[in-house]
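Please read the points below with the model open beside them.

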Amino acid sequence: MTPVGTPPLNVLGRTRLVDDVVRILREKIVNGELAPGTQLLQIDLAEQLGVSRTPLREAFRILESEGLLRTSNN
């Protein structure tokens, strides 16, 4: 039970890190900053975005499900 006057935690308006990564990559894809066929290297991209590879991999899965990128397992 939440004390009177205290907002529930789910209304704080925070986003998950993966949501931020998805938003940034989606914008870069839609705006043409990442051209079709561009190879995205996880290590380099994680460093550029200042995140670990874990949220980046999750963002890749989300964007792949949206049809915005395709991953390969070379």
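The numbered points that follow go from the whole chain to single residues.

1. Basis. This is a predicted model, in which local features need pLDDT of at least 70 and side-chain atom pairs count only at pLDDT 80 or more, while totals for chains, interfaces and linings use all residues. Residues are numbered from 1 along each chain as its sequence is written, and side-chain values use heavy atoms, with hydrogens and water left out.

2. Confidence. The mean pLDDT (the predictor's confidence in each residue, from 0 to 100) is 87 for the protein, and 81% of the residues score at least 70.

3. Makeup. The protein contains three helices and zero strands, with helices (H or I, at least four residues) and strands (E, at least two) taken as DSSP runs numbered from the N terminus. The order from the N terminus is α-α-α.

4. Of the 74 residues, 20% are buried; buried means under 20% relative accessible area, exposed over 50%, and partly exposed in between, with a 1.4 Å probe and protein chains only. Contacts (heavy atoms within 4.5 Å) with a separation of 6 or more are 55% between residues 24 or more positions apart. The accessible surface is about 5,900 Å², and carbon and sulfur atoms hold 51% of it; the areas come from the Shrake-Rupley method with a 1.4 Å probe, and for residues only the protein chains shown count as cover.

5. Helix α3, length. The 13 residues of α3 span 18 Å from first C-alpha to last, close to the 18 Å expected at 1.5 Å a residue. The expected span is 1.5 Å times one less than the number of residues. Glycine 67 follows α3 and has a positive phi, near 80 degrees.

6. Helix α3, faces. Which residues of α3 are buried? They are Pro55, Leu56, Ala59, Phe60 and Leu63. These residues lie on the same side of α3, because they cover an arc of only 145 degrees around the axis; the arc is that of the directions from the helix axis to the C-beta atoms. Their cover includes α1 and α2. Exposed residues Thr54 and Ser65 are on the face of α3 turned away from its buried side.

7. The structure holds five salt bridges, each a side-chain nitrogen of Lys or Arg within 4 Å of a carboxyl oxygen of Asp or Glu. One of them joins the side chains of arginine 61 and glutamate 58, at 2.9 Å from N to O. Both residues lie in helix α3, three residues apart, about one turn of the helix. An α-helix has 3.6 residues a turn, so residues three or four places apart point the same way. Arginine 61 is partly exposed at 48% relative accessibility, and glutamate 58 is partly exposed at 28%.

8. Salt bridge between segments. Arginine 26 pairs with glutamate 66, the closest N and O atoms being 2.8 Å apart. Arginine 26 has 30% relative accessibility and glutamate 66 has 38%; arginine 26 counts as partly exposed, as does glutamate 66.

9. Another pair. Aspartate 19 and arginine 16 form a salt bridge through their side chains, at 3.1 Å from N to O. Aspartate 19 is partly exposed, with a relative accessibility of 31%.
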